[in-house]
Amino acid sequence: MAAANRLHGLDALRGIAALCVVGLHARAIFPYFPDVLGKGYLGVDFFLMLSGYLMARITEPRLAEGLDPGAFLKARYRRFWPTVAFGSVIGIPYLWVRTQGDPLWFASALAANMALLPFPADHLLFPLNVPVWTIFAELVANAVHVLLLRRVGTGPLIALALALFAATLWSAMTYGSLDSGARPSNAIYGLPRVFFAYVLGILLWRRRDVAERLPAPGWLALVAMPGAMLLAWAMGWRGWPFDLVFVVVLCPLVIAGALRIARDTPPGRFSAELSFPLFAVHVPVLEAVRMAGYGVLTGVPLAFAAALACLWWTNWRTRIRRVQTT
């Protein structure tokens, strides 16, 4: 996005959502870590809603002007892949454990997961790097968007969102929460979750006249997500009703509030730049630290260090390509 058109509040929110996901996985990998961000998986729903919103706002006009959908999807895959591969390489030793030392199973899972494709092992769709299931889901949603959803009128899209809400309600009630999609056993429950959040993001742009009137101050948007998760922990709200309220009410309010933040700040830019590397590398790093016999106080700083290294590496690759094309 051009600097003049950057959405600075949304930049800041990316890093906040990524931190919530890190908190969730720190607890999963180190059980003694406090469960204060046990609802951190809802950061995924925010990311998917944000993706739908930004695709509708930025990419749909480019497609209408003649951008080739196939070329766009290839470019998006190439944009995601280096960062994900950086984190996935760290996860190779743990993949060997998850595939029980079977060379064929290990090699198949490694090849598929490195290509950002699912391959079940140890009850996971992406045993090499667990959060990559979200990136795969986003790429699928992006493909459906550019090939189909961008041509759907607002009225039919609202009807689709209502149908997806009903399916998401069913999956949440049946599974018990929206923490679904990462495992073969709950992938069917994660499917409506993914597309409901994404389509709601598209509608936030399509009906921006409504979104702009949502009562959400900018400062509140920056603390609402972690604040709501901490409140859920303190109040013992573990079930699906909180999850649905978070997605249907809080996430749109957070996006609307963040859009009111017009000031560009270094922390906001840094939050945006670091969020994806942190999301892509933190689980393999935390698992490697646990395998080495160390704890969360070592794992979390190392996850941030790996994310910074990944950010430097991807920026370096980008600079090299620019030099080569000039």
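At roughly what angle do the axes of α1 and α10 cross, and within what distance do they come? The legends below begin with this pair; the model shown is predicted.

**View 1. Helix α1 beside helix α10 in the predicted model.** The axes of α1 and α10 cross at roughly 15° and come within 9 Å. Angles under 35 degrees count as roughly parallel, so α1 is roughly parallel to α10. The crossing in which α1 passes α10 is right-handed. On the α1 side, the contact is made by Gly9, Ala12, Leu13, Ile16, Ala17 and Cys20. On the α10 side, Ala221, Leu222, Met225, Pro226 and Met229 take part. Sorted by class, the residues of this contact of α1 with α10 are 10 nonpolar and one polar, with no charged residues.

**View 2. Helix α1 against helix α2.** Helix α1 covers residues 8–29, and helix α2 covers residues 42–64. Their axes come within 9 Å and cross at roughly 155°. Angles over 145 degrees count as roughly antiparallel, and α1 and α2 are therefore roughly antiparallel to each other. Here α1 passes α2 in a left-handed crossing. From α1, the residues Leu10, Leu13, Arg14, Ala17, Ala18 and Val21 meet α2. Their partners in α2 are Gly43, Val44, Phe46, Phe47, Leu50, Tyr53 and Leu54. The contact of α1 with α2 has 11 nonpolar residues, one polar and one charged.

**View 3. Helix α2 and helix α3.** Helix α3 is made of residues 69–90. The axes of α2 and α3 come within 12 Å and cross at roughly 135°. That angle makes α2 oblique to α3. The two helices form a right-handed crossing. In α2, Ser51, Met55, Thr59 and Leu63 meet Pro69, Phe72 and Arg76 of α3. Four nonpolar residues, two polar and one charged make up the contact of α2 with α3.

**View 4. The second largest pocket and its lining.** Which helix gives the largest share of the lining of the second largest pocket? That share, six residues, comes from α1. Helices that each supply at least two residues of this lining are α1, α4 (92–98), α6 (132–147), α10 (218–235) and α12 (266–291). By class, the lining of the second largest pocket divides into 20 nonpolar, six polar and 11 charged residues.

Terms used:
Residues numbered from 1 in each chain as written. Predicted model: local features only at pLDDT ≥ 70, side-chain atom pairs only at ≥ 80, totals over all residues. Heavy atoms only, no water. Axes fitted to C-alpha atoms, helices over the stretch in contact; angles between N-to-C directions. Helix = DSSP H or I, 4+ residues; strand = E, 2+ residues; numbered from the N terminus. Parallel < 35°, antiparallel > 145°, perpendicular 65-115°, else oblique. Left-handed = near helix turned anticlockwise from the far one by under 90°. Contact = heavy atoms within 4.5 Å. Nonpolar A, V, L, I, M, F, W, Y, C, P; charged D, E, K, R; others polar. 1 Å grid on protein atoms, 1.4 Å probe; cavity = no way out; pocket = protein on both sides within 12 Å on 5 of 7 lines; lining within 4 Å.
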